[in-house]
Amino acid sequence: MASATTSKKVREEATCSICLNLMTEPMSISCGHSYCQACILRFLGNLPNLPFMRPMPEMFSCPQCRAPFHRSSLRPNKQLGSLIEAIKELDQEMSCEEHGEQLHLFCEDEGQLICWRCERAPRHKGHATVLAEDACHGYKEELQKVLTKLRQLEEECTNQKVLLTKQMTEWNEKINVTRQKIQSDFKTLQRFLREEEKSYLWRLEREKEQTLQRLRDSEARLGQKSSELSSHILELEERCQGSAQRLLQDVKGALRRSEAVGLETPEALSLEICTVCDVSKLYFDLKKLLRSYQVSVTLDPDTAHHELILSDDQRQVTRGYPQDTQGTSPGSFTVSPCILGREGFTSGRYYFEVDVGEGSGWDVGVCAESVQRHTGTVQRPEAGFWAIRLCTKDGYVALSWPRTPLHLKEQPLVVGVFLDCEVGIVSFYNMTTGSHIFTFPKALFPDTLRPYFQVYPYSPLFLPPPE
């Protein structure tokens with residue numbers, strides 16, 4: 001057999017020509033031949049000390065090719081030593097433990113390598129036996145199929161680990177967004193809600209850690225499975241790359257172990273946050289809190305633009321056709337269709353509501369008593385206006401400068417306006433849902449503030465009386 005011939009040639013190269021055994025601690029000389037360390041030293045010591053060799057006292061002849069060499073040229077051949085050790089291990093591995101013969105046959109019934117003497121023993125009588133090299137090809141194909149499956153499982157395992165990493169990143173992002181939302185909502189309330197904020201954040205953090213721990217556990221299990229798959233793959237690759245005897249050694253057991261490997265689907269975890277905080281529905285009723293500062297607001301006809309029409313009780317205003325301007329008050333708005341409330345606020349806290357209905361446009365807020373009413377003024381805090389607006393062009397915006405877009409999830413039918421003259425803030429609430437809309441940064445109000453409204457076509461405003 002070709003492999004046997006190759007093995008024989010390798011053994012011949014590793015055999016010492018002096019003792020005719022596999023070399024022990026091989027030493028090389030300048031001509032390239034190698035010998036056992038003990039053999040070459042014994043050879044040098046046994047040479048006769050002839051008179052004609054005195055001019056060259058350290059010169060010797062190679063026992064194999066007779067080429068001259070110096071004693072100083074002796075060098076350990078570590079590479080050959082390692083090869084000899086491998087040959088010894090291979091001899092020990094691939095020899096029959098019972099008979100000491102080479103394992104050149106494979107018993108299909110027992111699924112193991114045997115020698116020619118085993119084949120003739122009663123134990124294997126009638127069994128189907130083939131040359132190891134012939135059996136190798138079929139089993140190698142089976143091993144390759146299992147190897148392909150394991151590689152696919154390893155790739156799937158890697159993809160699942162990537163998905164888990166992505167899920168953990170998305171989970172952390174959702175946690176951060178929710179944390180910011182909770183903190184923002186709590187900042188708009190009074191001190192007695194701070195303990196609730198801490199409680200919700202703690203529960204959110206606990207939920208985060210519990211879910212992350214479950215994700216990490218899944219990741220760890222996948223890591224362990226990945227290592228197991230790598231181990232099986234390495235074993236099968238080494239078998240397929242080795243000799244026929246190495247491939248067939250316990251090959252059926254290797255197949256059974258590898259085919260038994262599977263990949264469990266990671267636990268499907270919901271990445272929806274359970275700890276959702278709706279500040280308006282906490283133990284304290286936000287509507288009740290705000291309405292404790294509610295005042296009755298009516299419209300001041302002396303400030304109304306000439307296109308505005310007031311109800312008899314001065315709680316509703318509609319934009320219509322231009323009215324007679326002969327009796328227009330000096331304090332009325334002449335450029336923009338605006339109107340103010342009668343009430344003025346200089347100190348303390350006040351709250352009022354405006355029923356905006358399903359109108360397509362409106363301005364609601366407060367303004368300074370001294371704002372310009374006869375020129376086209378840009379409504380913003382620097383000009384004395386603190387208001388929010390709905391218009392078809394920009395949607396919901398706060399009248400800061402530049403404008404601040406308001407991303408409202410639900411349409412407010414009733415807008416609540418809260419004014420704290422002492423602190424210098426104006427806040428707006430969607431009283432349909434009881435949620436916060438916007439709060440202007442703290443300001444130093446210049447003088448008396450009054451309710452402010454701008455009216456759009458087909459969008460009447462109504463001021464409900466306090467409950």
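A residue counts as buried when its relative accessible area is under 20%, as exposed when over 50%, and as partly exposed in between, using a 1.4 Å probe and protein chains only. Keep that in mind for C16, which sits at 0% relative accessibility and so counts as buried.

What you're looking at is a predicted model, where local features need pLDDT of at least 70 and side-chain atom pairs count only at pLDDT 80 or more, while totals for chains, interfaces and linings use all residues. Residues are numbered from 1 along each chain as its sequence is written, and side-chain values use heavy atoms, with hydrogens and water left out.

Now the overall picture. The protein chain has nine helices and 21 strands, taken as DSSP runs (H or I of at least four residues for helices, E of at least two for strands) and numbered from the N terminus. Of its 467 residues, 39% are buried. Take the contacts (heavy atoms within 4.5 Å) with a separation of 6 or more: 64% of them join residues 24 or more positions apart.

Back to the cysteines. There are zero disulfides here, a disulfide being a pair of cysteine sulfur atoms within 2.5 Å. C338 is in no disulfide either, with the nearest cysteine sulfur, that of C367, 8.4 Å off. C338 is buried too, at 2% relative accessibility.

Finally, an unreviewed UniProt entry lists residues 136-163 as "coiled-coil region"; such annotations may be inferred rather than shown by experiment. In the model, residues 136-163 are 100% helix and 0% strand, with the end C-alpha atoms 40 Å apart.
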